[in-house]
Structure formats: C-alpha cells, structure tokens
Amino acid sequence: MREFNKILWGVVFILLGMIIGTNTLGFTNINIFFDGWWTLFLIIPASIGLISKQNKGSSFLLFLLGICLLFDARDIVSFATIFQLIFPFLLILIGFFLFFSQGMKKEFSHKMNEKKGDFGDKIMATFSEMKIDKDDEEFKEGDIEAVFGYIKLDLRKAKLGKSSSIRASATFGGITILVPDDVKVVVKSCPVFGEVRNIIREAKDYKKTIYIDATAIFGGVIIQ
C-alpha cells in the first residue's frame, strides 16, 4: 500500500512539473494559481488517501473541507450556505443507511439471526486506534465498532470453533480483520459511501467459517 501511495504522489509531481515546464517554454498557458488554488493542498492529499488508505474517514472529511473551501473561494457556493446544508445532508445519509441496511439484512445467512442476548467480545474505538490480538484465546463472536477511529483485530492465532460471527461497523473510520488461511469468510455488507472488502486467499479445504455482518458509512471494513 505504501508503494502505491508513492506512485500516486509521483504522478502528481510529474504532472505539476510538466505543467510548469511547458508553461515556461510557452507551449501551454495553464494557470495553476487560480482563485482557491491553495485548497489543492487539502484536496490532493485527501484524494490520494481515499484511494490508498484503508481508513478513509479522515481523508474524506479533509476532501470535503477542501471542496467546500474551493467552492467558496470561486464564489460557486458560499461556505455559510454549505454549512447550512450539513444537517439536511446528514438526514439524507441516515435515510440511505436505514434503507439499504434493512434490505441487505433479509438476504444474509440465518446464522447471524441465531445470536441472542450479549454478542460476545465488544470492541469500540472512538477518535482512537486499537489493535487487538487474540493469540491462543477462544473467539466465538464479537461486536466491533469504529467511529472516527481504527480497529485491527487479529484472529490468525485465535482458537476458533467451526463457526464464528462478527458484527463490524465503521463510521468515518476503519476496521481490519485478519483471519487464518483455513477459514472461509461469509460477508453480508452494507456500505454507504464506504467500502467492505474481503481479500482473503482461497483455500481448497475450509475447516472453519466466520460470518461477518459489516456496515461501512464513509469508512472501510477489510477482511484479509
């Protein structure tokens, strides 16, 4: 991921150098110092973060702030108007979340519905980062929630049964779940302006299964 990040930054510097060079030689006349050009110092790093980072919440907020400031600097939409639109935007976002989450729940395996009462391990990170290693510990089920934070749950050396369940929710944050090679992962996902990715290697003989109910709102859940 770091190498990919370097490549993206390399492309940005190459393009910037070509624009300045061709402007100097008189081949082009591209004005890179337009009204609000300074907002690119927010927008470009945020855009690269959205592409390359697993925890995309902070990058999205930075990108959104940069776009708002650019619109204000170019007199497209005033920052005051944008600020007033935040509340209705959040209402629409919540509506989308409720709509899609209800539709997806009906299609998921009944395995998640068999769980009642307390849902095993409960892990929550709010404006913080947590790394949890379950080495040589029994793990049957867990509830993981990252709100403007990041959680890394390592189950590679955990004592897993034939069937385990995880509920993972990332809101403007990120969650990474590391699983053993002999585990099959069944995912029900509900991303809302977010990302849920299952990138585990396929094995010929699965000995165990993990059921993951993942929700990502301007965030990301990665299983690997």
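**Note on the predicted model: strands, loops and a surface patch**

1. Strand β9 is largely enclosed by the rest of the structure, because nine of its ten residues are buried; buried here means under 20% relative accessible area, exposed over 50%, and partly exposed in between, with a 1.4 Å probe and protein chains only. The model is a predicted one, in which local features need pLDDT of at least 70 and side-chain atom pairs count only at pLDDT 80 or more, whereas totals for chains, interfaces and linings use all residues. Residues are numbered from 1 along each chain as its sequence is written, and side-chain values use heavy atoms, with hydrogens and water left out.

2. Overall, the protein has four helices and ten strands (DSSP runs numbered from the N terminus: helices are H or I with at least four residues, strands E with at least two). From the N terminus on, the order of elements is α-α-α-α-β-β-β-β-β-β-β-β-β-β. Of the 224 residues in the protein, 34% are buried.

3. Two partners of β9 deserve attention. Strand β5 (residues 159–171) runs parallel to β9 and is joined to it by nine bridges; strands count as paired if DSSP finds at least two bridges between them. In this pairing, Thr 171 stands opposite Ile 217 of β9. Strand β7 (residues 183–192) also pairs with β9 in the parallel sense, over ten bridges, and Val 186 stands opposite Tyr 211 of β9.

4. An open sheet of five strands has the order β2-β4-β6-β10-β8, with parallel pairing. Its edges are β2 and β8 (195–198); each has a single partner strand, so one side of each is left without a neighbour in the sheet. On average, neighbouring strands of this sheet are turned by 5° against each other, direction ignored (axes are lines fitted to C-alpha atoms, for helices over the stretch in contact, and angles run from 0 to 180 degrees between N-to-C directions). Tyr 150 stands opposite Gly 174 in β6.

5. Phe 218 is not a glycine, yet has a positive phi of about 50°. Phe 218 lies in the loop between β9 (208–217) and β10 (220–223), and counts as buried because its relative accessible area is 3%. Asp 136, likewise not a glycine, has a positive phi of about 60°. Asp 136 is placed in the loop between β2 (129–133) and β3 (138–147), and is exposed, with a relative accessible area of 60%.

6. On the surface, Ile 7, Val 11, Ile 14, Leu 15 and Met 18 form a nonpolar patch with about 490 Å² of accessible area together. Patches are made of residues with over 30% relative accessible area and no salt bridge, joining like charges within 9 Å and nonpolar side chains (Val, Leu, Ile, Met, Phe, Trp, Tyr) within 5 Å; a salt bridge is a side-chain nitrogen of Lys or Arg within 4 Å of a carboxyl oxygen of Asp or Glu. Val 11 belongs to helix α1 (residues 2–25) and counts as partly exposed, because its relative accessibility is 41%.

7. The protein exposes about 13900 Å², of which carbon and sulfur atoms supply 61% (Shrake-Rupley method, 1.4 Å probe; for residues, only the protein chains shown count as cover). Among contacts with a separation of 6 or more, 62% are between residues 24 or more positions apart, a contact being heavy atoms within 4.5 Å.
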